[in-house]
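Let's walk through a protein model together, one step at a time. Keep the sequence and the 3D view side by side as you read.

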Amino acid sequence: MSLNLPGEPPFTLLRYGMPADKDIIADPAIKALYDAIVIPAHILAFFHEALPAFLYGLEKPYIVDPMTYMYQSVRSYSDEWGTRRSARKLAEAYGGEFARMVAEAAESHGTDVQGEGRSAEGSGEQRTLRLLNPENILASLGRGCVVFQDEVVADVVRRLVGRYVAVSRTLPTPAVLLAPYFYFKSVRDPWYAACVTLQGAALDEAQRRGTQILPVICTQVACLEEAFQREALLADCGRWPADVVVLWLNGFSQSGAQEPQIRALADFVGELHAQHKKQTLMLYGGYMCMLMTGNGLAGVSHGMLYGEHKEVRRLPPGGPPPDRYYFPLFHDFRKMSHAVRIMQEVDSPVDLMCECPICSEVLAGDPRNLPLMWRTAALKRHFLQARNNEKEATRGTALPEALDALRVTYERYNDTVRAIPNPDTRDLQFLPDLEYLRKWATALSAP
Ligand SMILES: [Zn+2]
């Protein structure tokens with residue numbers, strides 16, 4: 001399979017978020033729990049020596065997310081906020097006519113107030129479409145993106161270690177390349193046409209290098225629910241010479257997804273496999289997607305306490321992700337304040353306890369000790385253990401059995417959890433319920 005990873009699906013790919021994660025990612029006990037690292041290209045361009053050196057020492061497979069959707073909004077590279085500096089640096093690294101275009105657009109944006117309204121949907125996006133859409137710009141971006149992914153890490157390492165490169169180590173190269181991509185709302189969206197041209201240029205360059213490159217589909221789930229759109233995407237993916245397709249559904253959250261949406265995703269994954277022998281890798285996903293392994297899912301990528309879904313437009317929030325405890329039985333995170341209440345209120349909270357090495361040590365067999373887990377590093381390590389257990393279980397369990405387990409958890413805990421007052425609100429509100437578990441089970445057991 002062209003993810004070039006050892007083992008069996010579902011694979012779990014850990015998305016690199018911040019330098020503080022490095023100690024956890026490189027911990028020998030943790031390294032066994034994930035299959036590969038996903039590095040966002042703008043972070044790689046920004047920390048241009050530190051990250052390649054880290055990957056060199058890590059010796060785990062990695063892939064680079066080209067992050068090209070950022071350039072659909074001028075704001076993301078010309079504002080005072082957000083990803084401005086790293087997006088500019090990445091454009092320079094991609095080089096060529098694309099880099100010149102971004103530099104000019106960012107310059108003129110300062111005085112061009114009409115250029116981009118407050119809404120990313122409005123005039124600003126039409127302007128970036130005009131800026132990016134000439135074929136020479138798309139060709140430049142497609143080519144630059146492939147060269148960057150294929151060479152940057154090895155180039156930096158070669159420069160850093162010089163002739164002292166240890167014989168036991170090989171220069172790091174990505175497990176596989178990802179095609180650059182734009183977000184499109186439907187196959188009639190002009191961004192889809194631009195994306196197809198862009199990916200074609202990247203494919204040409206990858207083929208010249210004899211390297212595998214995977215297409216990336218970045219759209220909304222509604223696109224998979226409509227027959228003509230689904231068919232168009234299936235046909236385009238079918239023509240692509242790789243046996244894995246990467247998919248990002250905008251803001252598609254596991255706990256918020258409706259049954260027809262879950263069904264549409266499972267069907268799309270299944271059709272890609274049945275019609276074209278291709279597997280699907282979710283760029284942002286969690287356990288619900290892992291349940292689609294039998295349909296043809298290759299794996300999921302996610303961050304450490306976040307990133308099981310992501311919205312395309314939202315600029316990254318400042319600061320670290322919130323502290324959240326992953327309940328293995330709920331297959332989801334809960335804020336620590338909520339998690340502590342849940343352990344206090346449910347009958348037999350011992351049954352909700354995790355048996356991973358971190359939890360065994362910190363909780364010492366008593367669920368009332370959960371507040372002691374309120375340390376980000378412990379929460380991350382516990383989550384990665386829990387995710388690995390889910391992966392092992394998915395490999396060894398038939399789907400009907402896994403869905404039955406979801407129903408049992410729902411029946412047992414939903415009424416209690418949804419009656420617990422939310423400790424963080426002034427008005428009387430209750431904790432989020434477990435309806436999503438019932439929805440997953442129903443949607444995925446439909447004939
Ligand atoms: Zn644990």
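The centres of domain 1 and domain 2, taken over C-alpha atoms, are 31 Å apart. Domain 1 covers 11–302 and domain 2 covers 324–445, with bounds that come from an automatic or database domain assignment. Before we go further, remember that this is a predicted model, where local features need pLDDT of at least 70 and side-chain atom pairs count only at pLDDT 80 or more, while totals for chains, interfaces and linings use all residues.

How many residues of domain 1 are in contact with domain 2? There are 19, and they meet 20 residues of domain 2; two residues are in contact if their C-beta atoms, placed from the backbone, lie within 7 Å. On the domain 1 side, α13 (259–276) and α14 (287–290) each supply at least two of the touching residues, and α13 gives the most, with four residues. The names follow a simple scheme: helices (H or I, at least four residues) and strands (E, at least two) are DSSP runs, numbered from the N terminus. Sorted by class, this side of domain 1 has eleven nonpolar, six polar and two charged residues. Here Ala, Val, Leu, Ile, Met, Phe, Trp, Tyr, Cys and Pro count as nonpolar, Asp, Glu, Lys and Arg as charged, and the others, Gly among them, as polar.

Now look inside. The largest nonpolar core has 133 residues, and those with the most contacts inside it are I39, F182, L214, V216, C218, V246 and W440. Helix α9 (residues 135–161) gives the most to this core, with ten residues. The core draws at least three residues from each of domain 1 and domain 2. A nonpolar core is a set of buried Ala, Val, Leu, Ile, Met, Phe, Trp, Tyr and Cys residues joined through C-beta atoms within 7 Å. A residue is buried if 20 or more other C-beta atoms lie within 10 Å of its own, exposed if 12 or fewer, and partly exposed in between, with C-beta atoms placed from the backbone. Take I39 as an example: leaving out residues up to four places away in sequence, I39 touches Y16, L44, L51, Y62, V64 and D65.

Next, follow helix α18 (residues 399–417). The expected span of a helix is 1.5 Å times one less than its number of residues. With 19 residues, α18 should therefore span 27 Å, and its end C-alpha atoms are 26 Å apart, which agrees. Even so, α18 has a kink of about 35° centred on E411; the bend at a residue is the angle between axes fitted to the seven residues ending there and the seven starting there. Which residues of α18 are buried? They are A402, L406, T409, Y410, Y413 and V417, and they pack against α15 (336–345) and α19 (435–445).

N422 and P432 are ten residues apart along the chain, and their C-alpha atoms are separated by 8.7 Å. Another loop, between β9 (297–302) and β10, holds L305. Is L305 buried or exposed? L305 is buried, because 21 other C-beta atoms lie within 10 Å. Its contacts beyond four places in sequence include F333, and L305 and F333 are 28 residues apart in sequence but 8.0 Å apart in space, C-alpha to C-alpha.

Finally, check some backbone angles. K277, in the loop between α13 and β8 (279–282), has a positive phi near 55° although it is not a glycine. H331, in the loop between β10 (324–327) and β11 (332–335), also has a positive phi, of about 55°, and is not a glycine. Last, in the segment before β1 (11–15) sits P10, and the peptide bond from P9 to P10 is cis, with omega near 0°.

Methods
Residues are numbered from 1 along each chain as its sequence is written.
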